[in-house]
Each structure stands twice: as structure tokens, then as C-alpha cells.
Amino acid sequence: NVMVFVAKEEELQQDVMRLIEDSDCDEFSKRRVTEDGETPGALWHIYDAQDADKMRDLLNKVALELGMELEPYHDPIHDQQFYLDKTLRQRLADEYGVHGYPILQCEGDAVFIPAGAPHQVQNLNG
């Protein structure tokens, strides 16, 4: 995935910065935005392919906790019913020992997703 253009929306800047702070991104990535003035376009969380079943288990557990019914051929990763926010990412780490790789994608950056790697992306600016 290559980020070719990012439309900067000034009114979203505070919300975008909060999302970046909560993302678990490394300090270098954060400084690209705060000090170098780069425009953030997307926030990715990429996980190891071998952790997919653990992620499915957590997402099914969360669905049941919310009173949702599990479909027989349902894949909670591909159905995209849940976004792993900071709370769910922490739960995934605590209960399953699974940690992802947060990537802040700015204009001009390319992000490579390995085959079979569960991932999520959140657009940050237009």
C-alpha cells in the first residue's frame, strides 16, 4: 500500500494526534509528525500470521460478551466487525501474548503486508 496523497484537515489535528499517541507507535514515528511536520495518512497495526487464531479467539469472545451470535462460517478478522483499539490490543497482549506492529504511514510511505498477516488500518486524514 503506497500513500500517494494526504489531504490535511486542520480541525482533525488534535484527534489525529490522540490516535497516534494511543497507537503504541515508536517515538521516531511520532516525531516525524510532531517535529518534522510530515502529514500522517494512516495508522496500521500488523500482526504475525501465526497469531491469527489467537486473534480470532479473542474477537469471538468479545462478540459473545456483547451478546452477538456467531455465524457458522464467520471469520471475525475478515468480517471487520471490530477495530482493535488500545483496550482490545492490550487485552490481546495480556490474554494471548500477542503484540502487533504499529506503523504510522505518512504521505509517500509504502506499507508492505506479509501474506496471511492479520492487519487493520485507520485513515487519519482525508
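How many nonpolar, polar and charged residues does the lining of the second largest pocket have? The lining has five nonpolar, five polar and three charged residues. Here Ala, Val, Leu, Ile, Met, Phe, Trp, Tyr, Cys and Pro count as nonpolar, Asp, Glu, Lys and Arg as charged, and the others, Gly among them, as polar.

This is a predicted model: local features need pLDDT of at least 70, side-chain atom pairs count only at pLDDT 80 or more, and totals for chains, interfaces and linings use all residues. Residues are numbered from 1 along each chain as its sequence is written, and side-chain values use heavy atoms, without hydrogens and water.

**Pockets**

| Pocket | Volume |
|---|---|
| Largest pocket | about 380 Å³ |
| Second largest pocket | about 190 Å³ |

A pocket is an open set of points on a 1 Å grid over the protein atoms alone, where a 1.4 Å probe fits, with protein on both sides within 12 Å along at least five of seven lines; lining residues have an atom within 4 Å of a point. A volume is the space filled by probe spheres set on the points, which are joined across faces, edges and corners.

Helix 4 gives the most to the second largest pocket's lining, five residues. For the largest pocket, helix 3 gives the largest share, four residues. Helices (H or I, at least four residues) are DSSP runs, numbered from the N terminus.

**Helix contact**

Helix 3 (residues 52-65) meets helix 4 (residues 86-96) through residues including Leu 58 and Leu 92. Contact means heavy atoms within 4.5 Å. By class, this contact has six nonpolar, no polar and six charged residues.

Note on methods
Helices (H or I, at least four residues) and strands (E, at least two) are DSSP runs, numbered from the N terminus.
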